[in-house]
Amino acid sequence: MSQQGLEAALCKMREAGVDGSAIGVFSHYYRLLESGETGLIREESIEPLLDPPMLDDIEVSDGEAREAIGATVMIKLNGGLGTSMGLDRAKNLLEVRDGLNFLDLIVRQVRAARRDWDAPLPLLFMNSFRTDADTLAHLERYPDLPVDDLPLSFLQNQEPKLRADDLTPVEWPKDPSLEWCPPGHGDLYTALWGQNLLQRLIEKGFRYACISNGDNLGATPNARLAGWFASSGAPYAAELCRRTVNDRKGGHLAVRKRDGQLILRDTAQTAPEEMDYFTDEHRHPFFHTNNLWFDLQRLFDTIRERDAVLGLPMIRNEKTVDPADPDSPKVIQVETAMGAAIEVFPGATAICVGRDRFQPVKTTNELLLLRSDVYDLDENGHLVARSATPGISLDSRYYKTIQKFDARIPQPPSLRGAESLRVEGDWSFEPGVKVVGSVDLPDEGTPRVVPAGTVLGA
């Protein structure tokens with residue numbers, strides 16, 4: 001049945017016009033899936049990474065920085081809809097603050113770096129078929145953004161979801177679009193190759209790429225980092241941050257024992273009985289930010305040598321075909337992580353950066369922080385922390401979606417004096433509320449209001 005399933009999946013991809021290199025990559029992972037591959041990385045096979053270089057310790061001259069940033073392209077992952085936050089279009093169209101969304105702030109950051117370093121610094125968004133039109137429509141307000149004839153976006157590939165029982169492409173007539181899924185952000189490399197963007201960038205004189213999640217506004221263009229990467233001679237580098245007790249879920253780098261190669265291990269690649277090792281911030285003291293750097297020419301050469309199949313570790317993601325319907329058929333989504341490419345390149349390296357380069361928004365908890373007075377927004381689109389970052393925990397029953405969040409917190413409370421804010425139950429905040437120290441609002445069974453001007457925790 002699996003051979004029939006593969007043929008059916010490939011036929012479906014061809015009919016949908018999926019690029020040939022992406023079809024070849026899917027075939028590779030299908031074979032792994034049918035062979036019983038789990039993608040697990042056992043603790044006994046790795047050593048913790050304990051002493052990466054620190055950004056604060058490196059020395060880069062202005063000349064080195066200017067030359068490197070002048071040969072760099074910025075790539076932002078922008079394929080998500082933010083459905084977990086109640087959104088139905090590109091997540092990066094969500095307002096962050098002052099009437100500006102993620103895209104607006106990213107554009108401001110790139111424009112500032114272009115001006116400060118006299119660098120072309122092309123900006124490319126890897127969109128999905130669900131986010132491309134909305135994103136490009138919004139970017140039309142920035143006619144100076146494109147560089148030469150380079151596109152502002154390229155499309156992530158898509159692949160069929162596979163039935164968990166027989167590995168055939170699932171059918172879901174209620175909504176055929178749910179029969180498809182993205183192959184994870186590891187598809188970045190396949191998409192760049194299949195759409196001829198790698199070659200075009202190299203031909204135009206660009207040598208380096210900096211890639212990050214579009215919802216991480218801390219991953220700004222950084223000439224000093226570019227200079228470090230260029231001088232390192234490495235083909236690939238990952239940015240890390242020091243872990244705290246709040247970072248236990250993030251993936252981490254490790255050293256593979258059998259060959260000393262750096263590798264990435266994510267939650268989905270960890271056996272349940274070994275999660276204690278994975279979440280131990282002392283054993284694995286650095287987490288992977290998903291901010292990456294790679295040498296475009298070295299990537300091009302490697303993909304060509306491997307016939308477009310980098311062979312990243314497989315992630316087997318089990319879901320239902322309709323994420324909102326737990327009774328819909330169980331499916332397997334075959335995914336890869338772009339950070340896993342670190343193991344493909346001998347000589348790949350990593351660097352530990354400050355937390356200011358890691359400001360992702362995955363839930364309304366983080367959104368509240370970025371909208372609050374903990375951060376100032378400067379003219380270059382940078383969110384600058386003005387106080388220690390407090391811990392935020394909002395009751396998901398009442399704050400998970402942006403609609404519920406905005407209805408209850410139309411104006412964020414002052415959090416500069418806060419250590420933590422934990423909200424249980426249905427609380428609404430009027431303007432001018434201030435949080436001091438550690439504050440817990442309990443669930444009192446009925447909707448409650450924090451009146452205007454209240455100082456909580458005083």
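This is a predicted model: local features need pLDDT of at least 70, side-chain atom pairs count only at pLDDT 80 or more; totals for chains, interfaces and linings use all residues.
**View 1. Helix 4 and its ends.** Helix 4 runs over residues 102-117, and its length checks out: at 1.5 Å a residue, its 16 residues should span 22 Å, and the end C-alpha atoms sit 23 Å apart, which agrees. At the N-terminal end, N101 does the capping, with a side-chain oxygen 3.0 Å from the backbone nitrogen of L103. Just past the helix, D118 takes a positive phi of about 50°.

View 2. The buried residues here are F102, L103, D104, L105, I106, V107, Q109, V110, A112, A113 and R114.

**View 3. H185, flagged in UniProt.** An unreviewed UniProt entry carries a "binding site" annotation that covers H185. Look for H185 in the loop between strand 9 (180-181) and helix 6 (187-194). H185 counts as partly exposed because its relative accessibility is 28%. Leaving aside residues up to four places away in sequence, H185 touches L77, M126, Q156, N290, T336, A337 and M338.

View 4. R265 belongs to strand 13 (residues 262-265). With 0% relative accessibility, R265 counts as buried. Its side chain makes a polar contact with the side chain of E43, at 2.6 Å. Beyond residues up to four places away in sequence, R265 touches I41, R42, E43, I46, G251, H252, T270, E274, F278 and H284.

Terms used. Residues are numbered from 1 along each chain as its sequence is written. Side-chain values use heavy atoms; hydrogens and water are left out. Helices (H or I, at least four residues) and strands (E, at least two) are DSSP runs, numbered from the N terminus. The expected span of a helix is 1.5 Å times one less than its number of residues. Buried means under 20% relative accessible area, exposed over 50%, partly exposed in between (1.4 Å probe, protein chains only). A polar contact is a pair of N or O atoms within 3.5 Å; within protein, one must be able to donate a hydrogen and the other to accept it, and residues adjacent in sequence count only if both atoms are side-chain atoms. UniProt positions are given in the numbering used here, feature names are shortened, and annotations may be inferred rather than shown by experiment. Contact means heavy atoms within 4.5 Å.
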